[in-house]
Amino acid sequence: MNIITVCGFGILAVVLCLTVRQIKPDMAVMVGIAAGVVILGMAISALIPSVNAVSALAEQAGIDSSFVAVLIKALAVCYITTLSADCARDAGEAALGAKLEIAGRVAIAGISLPVFTGLASLVTGLLS
């Protein structure tokens, strides 16, 4: 990912949003959401080498791959939730944005449940 390209795209999207807002205000929100999704896609594609490197390091260290999967899923939920909540705030729906953030936190808690169960089993095994 070339950050110059991403930032250039972002600035172009802002100018387009401002222009569209003068003509048709409700469409400006859609342009902003579409630009946000494209930028998120660019960022996610840039994360693939990092995810592969973390997975390889975890494999070399003997860490269970399910823990790495939980970490990656939690990061994905964070990014998607942040984008969604920011889009809601940009559309003037701050309360909806806050509720999306709560839903993201709940999703992360659900995703990370196997890690907590494994940790509890480990502690129980050590204490026995």
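**Second largest pocket**

I listed the lining of the second largest pocket in this predicted model: Ile 44, Leu 47, Ile 48, Ser 50, Val 51, Val 54, Leu 71, Ile 72, Leu 75, Ala 76, Tyr 79 and Ile 80. A pocket here is an open set of points on a 1 Å grid over the protein atoms alone, with protein on both sides within 12 Å along at least five of seven lines; lining residues have an atom within 4 Å of a point. I read a volume of about 260 Å³ for the second largest pocket, taken as the space filled by probe spheres set on the points, which are joined across faces, edges and corners. I sorted its lining by class and got eleven nonpolar, one polar and no charged. Ala, Val, Leu, Ile, Met, Phe, Trp, Tyr, Cys and Pro count as nonpolar, Asp, Glu, Lys and Arg as charged, and the others, Gly among them, as polar. H2 and H3 each give at least two residues to this lining. Helices are DSSP runs (H or I, at least four residues), numbered from the N terminus.

Ground rules: residues are numbered from 1 along each chain as its sequence is written, and side-chain values use heavy atoms, without hydrogens or water. Local features need pLDDT of at least 70, side-chain atom pairs count only at pLDDT 80 or more, and totals for chains, interfaces and linings use all residues.

**Largest pocket**

I looked up the largest pocket next, at about 340 Å³. Of its 19 lining residues, Gly 32, Ile 33, Gly 36, Cys 87 and Asp 90 are the closest to its centre. Helices H1 (3-23), H2 (25-61) and H3 (65-90) each give two or more residues to this lining. H2 has the largest share, eight residues. By class I found twelve nonpolar, four polar and three charged.

**Helix H2**

Ala 28, Val 31, Ala 35, Gly 36, Leu 40 and Ala 58 of H2 are buried, meaning under 20% relative accessible area with a 1.4 Å probe, protein chains only. Their cover includes H1 and H3. After H2 comes Gly 62, with a positive phi near 80°.

**Thr 81**

I found Thr 81 in H3. Thr 81 is buried, at 16% relative accessible area. Leaving out residues up to four places away in sequence, Thr 81 touches Leu 100, Glu 101 and Gly 104 (heavy atoms within 4.5 Å).

How values were computed. On a 1 Å grid over the protein atoms alone, a cavity is a set of points where a 1.4 Å probe fits but cannot get out, and a pocket is an open set with protein on both sides within 12 Å along at least five of seven lines; lining residues have an atom within 4 Å of a point. Buried means under 20% relative accessible area, exposed over 50%, partly exposed in between (1.4 Å probe, protein chains only).
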